[in-house]
Structure formats: structure tokens, C-alpha cells
Amino acid sequence: MGIKLHKHPRLKSPIMIVGWPGIGNIGLIAVDTLRELAKAEELGEIESYEFFLPSKVVIKSGILEELEFPTNKFYFRRIEGKDLIFFIGEEQPRKQPTSDYAEGEEAYRMAHLVLDVAEKFGCQRVYTSGAAVSLMHHTMRSRVWAVPNTERLIKEIKQYSNTIVMSEIEGRGGQGHITGLNGLLLGVAKKRGIDGICLMGEIPIYLQGLPIIYPKASKSVLDVFSDILGIDIDLSQFEKTAQKAEKNIEKFYSQIPSEMRSQLEKLKEIYHLEPTEIKPMTEKNRKKLWEEISDFLKKEGKGDEEAI
Amino acid sequence: MKKPFKYTGLPKLKNSSLIVGWNKDTGNLAPAVLEFLNRILGCQVFCELELEDFFSFGGVAVEHNVVHFPECIFFYNEKKNLVIFKSDQPHFQHYKFLNTILDIAERFCHVHELYTISGFASSFVHTSPRRIFSVFNLPEFQVELRGYGLEDMTWEGPPAISSYLLWLARKRGLPGVSLWSELPFYLGAHEDPQCVKSSLSFFDSRFNLNLDLTGFDNMIQEQDKKIALLRQEKAEIDQYLKLLESGISLDEEEQLKLAREIYSLLKK
């Protein structure tokens, strides 16, 4: 039980990039797209049966042939002289099936197992990726919120394009919370002396509870990975998926009652403001708008105000 | 570390058999079978799993007008070399929960084979015999149980907790079988005495229990009689049952109507 490695390549200070499902599957799609484009080879896996309920059973002629569990696989590849290890988890270990995110003992152990592989191959840096629920409009470009597990990395992060740290987000004062394993892994990495950064692509608050993907944010994350790794990423195939998703979002948006939609249009005004800028919307109005959006989402049964 | 169970005694068993059944089963099959065995064989409680490790206590469920509280209880009968585990399905920590069952069974009861029982609803008529479908975790055990009239199951899809238990048992080399007793879909909300009897008959012959199951015959006759009367009173119901008797499936609406009528009839 634990880690099963199928290969033992010699890697030179690899970077580990980790993806789990979450809001809009933003991080998972970004990391998995990068893994696919890199044509990474399978390296090994974390045995899942301890962490997850089985998802499928195969019974043939009275014999239990197979019980399938969500996979947790490692991949590796050298690109432009850089060794990369990818970890893709199909599910986050949850204490209860109704929970949205990983928590508790199992999540903590899962984080350690991922980092055991990172340490075994000499990783000095891990990246996780997820979603940042933001008071933005879906027509805007998603920024990437970046949170490092050590202050030392803030300077580096500020050089990434289209990326902001928590203190640059209006009203946050550098505070926040990263739910699930994207956050937990960085905490455990910090404890084990491994540098880590979480890259979160922005998703509009009114889309967060919907069963949709949000490739626009995944693309922003991929752009940052392109910066970090110093490589060009060919996203022509990805763009097609993104366009399809955009159409679905537009369709959903057009179905929102016009009164509410006009409220959501105001999100265009408060987006991308530098903290020092004169705000066209007061804090009081911002709060009021948020309350209205929350009410709307509650009525529609599609929101999750805890997530912000 | 705190143990996830507490025991009140250690049974003296060797090469015993473990029967596992879950509460809230289709047609109440598993609870009915296990309660019958416990009562008739005079099985004793010896161990319970700690509920707080596996269940969320954000209140209690109300079932049939009464508060329902989870239970995870081991019973045993030394004379028949049997261990019975009757339980609610856990809310979380399934892996730990199922391994704890197997740990207790192997360490304290020297269990050498595992049986799980469950009911499942199927599209057939109540006047047909009840079949028991089987899923084995080891082919050798399947060979051993040939001759007990079990049907081989073939299925791909979402797994039941019994399949997970069976799979974990195989990892330990413990032979196991899941028994799935088929009952007509329109009896799924009730206890089907014929289905209970057929499951008990299997255990009776497998473990030489000498069970007196004649009491079920009266219940079966009574149920059949009630449905026969309903058929006379309601031509539509008779038509549905005739279709099923001819091996023709009903559409969703017809199935719902039939199930509703039979439910109202039998709850009286």
C-alpha cells in the first residue's frame, strides 16, 4: 500500500506540477494539458483503494474481476533541459462523500505521499494549481493569483506575467484561504523544506457553483507555466475546447434575469483595479453587489458563498 | 491509538464463517435474514464498532416514524461456528471500516470464508421462483459452492459496498461470495417472504442449520392471495402482471403504477 513506481529515471532537480479537480477544474485542466503537450511518460501511482470509494466494478460469470478506483498518477518528462514530474489526481480524498474538498487524516497522508515522490527524485519546487473565485466578469481575462509557501518566492512571483499576490487583491490585505489539497500540499511541503507555489486562475463568482469547465482561467495558468518553464506552449487544440466552453457560458449568462445581469455587468467596473486607484465603486456598494449576487445564486441553487 | 471497536467477549471459534448484511436493504432482505438467524440460533453479541469513527452525527434519521440510530454489531454462535455482522453502511472511512470487520473476523473468530447478502429488485413476477445471484472473489470458492443452485452474476457499473468488502477480503486471501437475492421490483419496498426464505434455505443447506422455514410458507401464501385478489379487482394490475408472466417488461409509468398499487395493498 502507498506508492508504486513503474520506472526509476535519473532526474536532475525536477519541478513537480500537481493537479487535482476543483472549481471549474481550472488547475487540473491546466496541468493535464501541459502533461499531454509534454508527452510525459507514466512514472508511477499512489494506490487509491485506501483513499477513495471504488468507482466501478467488473463482474464476469460470477467472478469479481476488477474494482476500479480514481487514479493518482505520476508522469515525467524533460523539456528544454528541465526535468518535470506531473501528478494528476482524479479525485481529492474527502472525509465524507458530500464534502467538496479534501480534509482530515487521509488528505494529509495523500499530501505526504505525493511529496515522498517529490523528495525521492530530488524536487526542489512544487506547483499546485486551482481556482480563485473572483468578483470579475467572464468577458475579462482571468488573472492568476499566486501564493508561495515562503516569503522568499514573492519577488519571483511578481515577475510572472498576469499574476498577482494576495496583497494586490482589493480588500484582502494579503489574507486568504486555499481549500483542499492545493493548499494542504504547500503547507506540508513547507514543513518538509520544499518550496511551493499555488497558481490559481480566476473564475467569476457567478460561475463557481456550475458544473462547467472554465478554460479561460486554465489558459492563464498555462501562460504562467510557460513563463516559469521558459517554453512556448502550443495551445491551438486547447483553444477549440475553450471556445466551446465560452459559448456555453454565454448561453448561461443570457438566461440570467436582465435585472441581475445588469448587476453582474458592474463587475467589469471593479475588475483589475490597482489598490491605489480611485475606486469607481465604494466598499459599501461592492458589499451590496456581492449580497445581491449571493441572493441570486442561492435562489438558483448554484452558488457556494463559503468558497470565496 | 484508540481501537475502532469494543468487545464484550471472545468467542471460541475455528474455521468459522462470516455472514455480513446491511440495514436498509432492498426488500429488507439482509436484516430479515440476519434477525431470523440470530433469533433462531440464539446468537450472542460479542463486539461493536465504534460509531463515531464512521458515522456523522449531525442529528438522527427518522425511519417508519421512529428514530433510527446506526448499529455495527457482531454476533456469534459457537455451535454452528457462525459469525454474523449486521450493520448500517458507514458514512466515511469505508476502507478502515471494512478492514476492521475483516480484522475482527480473522483475529478473534478465525473466519475462513465470507458471505454477504443483499436483495436486488428485478423485472419479473412474484409467482416465479426467487433466484440467488453470486459474485465470488476466488474461482476456487466458486467451484466449491457449485451445487447450491446459485446463478453467476455478470455486471459492470457502480459497485456496492459488499463488492468492496469482497475485494479487500481477496487481498487477504480470504474466500468470499456476495449473494444477491432477486425480488420482484414491486415488492422492493416490503419484505418479500419468498426471497427471505430462499436466502435462508441457502444458509440452511450450506451450514446444516436444520432451520424450520415452514412459517414463511404461510406468509408467502398470504402475500400471493392478497395480490391475486387485487388482480381480480383491478384489470390494469392483472394486465401488468400478465405481461410480466409472459416475460414482457413494463414501461416506467406502468412499473410505477404497479409498485404503488402493491405498496398500498401490502402496507395495510
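**View 1. Pairing of strand 8 with strand 11 in chain A.** In this predicted model, strand 8 (residues 125–134) and strand 11 (residues 195–204) of chain A run parallel to each other and are paired over 10 bridges. Within this pairing, A:Ala131 is the residue that stands opposite A:Gly201 of strand 11 of chain A.

**View 2. The open sheet of chain A.** The sheet is made of 9 strands with mixed pairing, and their order in chain A is 1-3-6-7-2-8-11-9-10. Strand 1 (3–5) and strand 10 (163–164) of chain A each have a single partner strand and stand at the edges, so one side of each has no neighbour in the sheet.

**View 3. Helix 5 of chain A across the strands.** Helix 5 (residues 215–229) of chain A lies across strand 6 (72–79), strand 7 (82–89), strand 8, strand 9 (144–148), strand 10 and strand 11 of chain A, and its direction makes an angle of about 150 degrees with strand 11 of chain A.

**View 4. The contact between chains A and B.** Chain B contributes 23 residues to the contact and chain A contributes 16 residues. On the side of chain B that touches chain A, at least two residues each come from helix 2 (94–109), strand 9 (132–136), helix 3 (139–144), strand 11 (155–157) and helix 4 (161–171) of chain B, with helix 4 of chain B giving the most, 4 residues. Sorted by class, this side of chain B has 12 nonpolar, 9 polar and 2 charged residues.

**View 5. Strand pairing between the chains.** Strand 4 (residues 56–60) of chain A and strand 11 of chain B run antiparallel and are joined by 3 bridges, and A:Val57 stands opposite B:Gly157 in strand 11 of chain B.

Methods
Residues numbered from 1 in each chain as written. Chains lettered and ligands numbered in written order. Predicted model: local features only at pLDDT ≥ 70, side-chain atom pairs only at ≥ 80, totals over all residues. Pairing = 2+ DSSP bridges. Contact = placed C-beta atoms within 7 Å. Axes fitted to C-alpha atoms, helices over the stretch in contact; angles between N-to-C directions. Nonpolar A, V, L, I, M, F, W, Y, C, P; charged D, E, K, R; others polar.
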